[in-house]
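Here is a short report for a reader new to this structure.

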Amino acid sequence: MDRAALVKYRPVRSGRTGTVGRSIDIFTNNFEILNFPEGKWYHYAGMIALSSALPRLTNELTWIDLAPIVDISSPNDTANPQFRRDERNQRVIQHLKLNDIRFGEGVYDGKAIFFSRSELGPILEMPNVFDSQRPINVTFTRIQVVDFSILQQFARGLSQVAVNMLNILLRETPSQRQGADQSIVVKRRAIYSTADMRPIRGGFQVADGFIQSVRPGSPRMVVNVNYTSGVTWQPGPLPDLLKEVLKLRNWNFPRTLESDMIRGEQIREINKLIRGIKVMAPHLDGRKRKRPLVISGLHSKNAQTYRFDCNFGNVSVAQYFQMQYNRVLYYPTLCLVSIRSNDEILFPIETLVVLPGQLVSKAVKLFPSQVAEIQRIAQDMKPSPRLKSIADSLRSNQVLAYENAPVLVSSKFRIDLRPMISKARLLPPPDVLYRGNAKPSIARGAWNMMQLKVWQSPQPVEKWAICVISPRCDRGAAYEFGSTLVGICGQMGIPLNPKFQIFEGPTPMDVLGNCGPASFVLCILNGPETSHKEAIKKWGDIQHGIPTQIILWDKISDRGGRLNGRNKLDQYCRNLGLKINAKLGGINCIPPSLPGIVLHETIIIGLDVSHPSPGALGPSVAAMASSVDPACSFYIGQSQLQQPRQEAIEELRVMVTHALRQQFMYITRGLNKKYMPPKQVLLFRDGVSEGQFIDIIETEITQVKGGISDWLAEVKKNAGLTMDMPRLTFVVVGKKHHFRMFAPRDHQPHHTRVDNCQSGTVIDSHVTNPYWDDYYLLSHAAILGTSRPAHYSVLWDETGFTADHKYRSIFVTSTPVQLELSPFQRQVESSLLAGID
């Protein structure tokens, strides 16, 4: 299919909004742009490098990317990663702004782009600012002119370059404050304040911050500001940090770090954590070192065994400190710390101090207990304090300081400091049916399972077991909980045998081997140990094909460590029963109908791609879940390996054909019913950013249509069925965005008292994209923290949905479907690809 045909069915913003539901006013975390910067701004590409000769003058209007930069501050630091180059470039630009009037009102993106209020000369050579052996050449090449006086007239048509410039303007003031104020940390679009830190286990702290971005709106551009949190290293003496790191791993300090005791895997794990941490050495203050030291890792030798030549002769590190600084080392047998450099520079651990305000790299893997602590902190941010903190951050002398930021004031870039009020609608709750066509009473997006039975039960579970992997749960408590679960599942129509086995052990492998040919295994864990979960899923999903369900002892026990009473366990066991029923092949509930959709003529497909973690090797995994039953309530899954970190799905055509084949087999063989070919394919795609929309239209939609065509040919050949091409609707679902909406409490107009919006709140104007057919829908009620709506963008629609049909149909079908593979499954897939047994 050519590009013109592809673009034909791409929905565009029509301006028509939905009408179903009660109209309400809500606050958002968007702030309206009142006035763009005045006049012309000159867009330059910058190149900073050492050179022995002055570069040739040029006025070429071409792009010059930032070339790899050699060291400009020390001959011993030529091995410089990207973040070090960015840091040095930032200091060069800051020097220019302080010493050259032409740069005074310019803004820099921290990498290679500079926007100036005045035209710059083609070449500028800076003198020996950083005591470098050669002069530093700074070359700026003009790319284009951004004239906001023209763009003001059609704000919706701002180019991406203009949007990038506005984002750089917003973070310019915090970036300037970062150098002078250690309580401000800037990381791309996020600005953190380290003034009020909250410690967590393992040597980390949590800093509050805000993430900001300029976005298109209808009819004006807006600035989206959201609360975020960042994890930083605990500042102070390095031994104190290492104590916390080792304590979380049950390793002894200082014994573990002694050079004759530490093992290779321990060194590797500690090096992964501390590599890149910036430290200072107080005993070197007299040498006026201009930059902090950066840790490379632990060295295998200690201060007593490592010797070197100096003015005192051939001495050990411990002897050198005693003679040079009159200092006796407390931990001379600990491994030395290696500093990033071409030469071997080593320091004793106790002589280094961790600098404040250092964000932890994504490559550092946190423990589940640490992640849980961070999540609890985020959940404590209720709607009212979140919106208030966002609005307060824009005021004078606060973190973002839109009110009096010098660069914003001088450029006449004005932003409304009040949160935007937008029109939304509250959709009526959807109908769902349980056994006997029973309908629950739905209130605020939730309902109780009392007196309700699941729509379809699984086969009776004759043999199942409870595996206790928690020292706090004894056999008696496990039996009592199992009996309660059997009784409640029986009330829900889920047949569990009341005679079940209980196995106890310290690890999954100690107990799972005893389960034998069970139909289902319930595991009680002591805490969220990732390794235990991965071992259980490997045993059940990969090796034996047995459904497993994991629960935590803390969820079913009180603070005294005793099993909760029947009343508290009732609702928990009902929710657990729904998960068990689905895993055993049952169907919990079905929608009676979908607006604009004939259920038995429809297949619903969900797609996602999981990528390896930063720094990890291995492929990406594309996963699909597709409905197979006439009620679109029972889903099967499949996955494919593809190139690392590639978002477009390579084998989507094959996967779509397989999904349609599975639907055919389930209906004809599983249900023994006549196959009704689907007349509509409703596909939901996760994990795609707005910048990838056009690529997705050109690649994946073509593959989906090809997969459907292959199935039509296959079913015609093998079953003699001739079918028309079904209509396709392709919707991208975004969850990792920063848009939030808040409901005024008690209809008060002031934004300092707000609540979470109710389930079913939809907004399709003011804050939506002026070009794409998109909207925000809050499908589920929030229990903790601030609710986050899903962002739906309709990239392709052959069905001709009305706005109300889209919103209500997707609201009804917003049942949780797991599309991502577990970390262990990704690891197994990677091993299979590499041929590892």
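## Cysteines and a sheet

The structure holds 0 disulfides, a disulfide being a pair of cysteine sulfur atoms within 2.5 Å. This is a predicted model, where local features need pLDDT of at least 70 and side-chain atom pairs count only at pLDDT 80 or more, while totals for chains, interfaces and linings use all residues. Residues are numbered from 1 along each chain as its sequence is written, and side-chain values use heavy atoms, without hydrogens and water.

Buried means under 20% relative accessible area, exposed over 50%, and partly exposed in between (1.4 Å probe, protein chains only).

| Residue | Relative accessibility and class |
|---|---|
| Cysteine 310 | 23%, partly exposed |
| Cysteine 335 | 0%, buried |

Now the sheet. Its 12 strands form an open sheet with mixed pairing, in the order E28-E27-E26-E29-E30-E35-E34-E33-E21-E1-E31-E32. Strands are DSSP runs (E, at least two residues), as are helices (H or I, at least four), numbered from the N terminus. Two strands pair if DSSP finds at least two bridges between them. Strand E28 (635–642) and strand E32 (754–756) each have a single partner strand, so one side of each lacks a neighbour in the sheet.

Strand E33 (residues 761–763) and strand E34 (residues 773–778) run antiparallel, joined by 3 bridges. Isoleucine 763 stands opposite tyrosine 776 in E34.

Helix H18 (residues 803–812) packs on the sheet, touching strands including E33 and E34. Its direction makes about 40° with that of E34. Contact means heavy atoms within 4.5 Å. Axes are lines fitted to C-alpha atoms, for helices over the stretch in contact, and angles run from 0 to 180 degrees between N-to-C directions.
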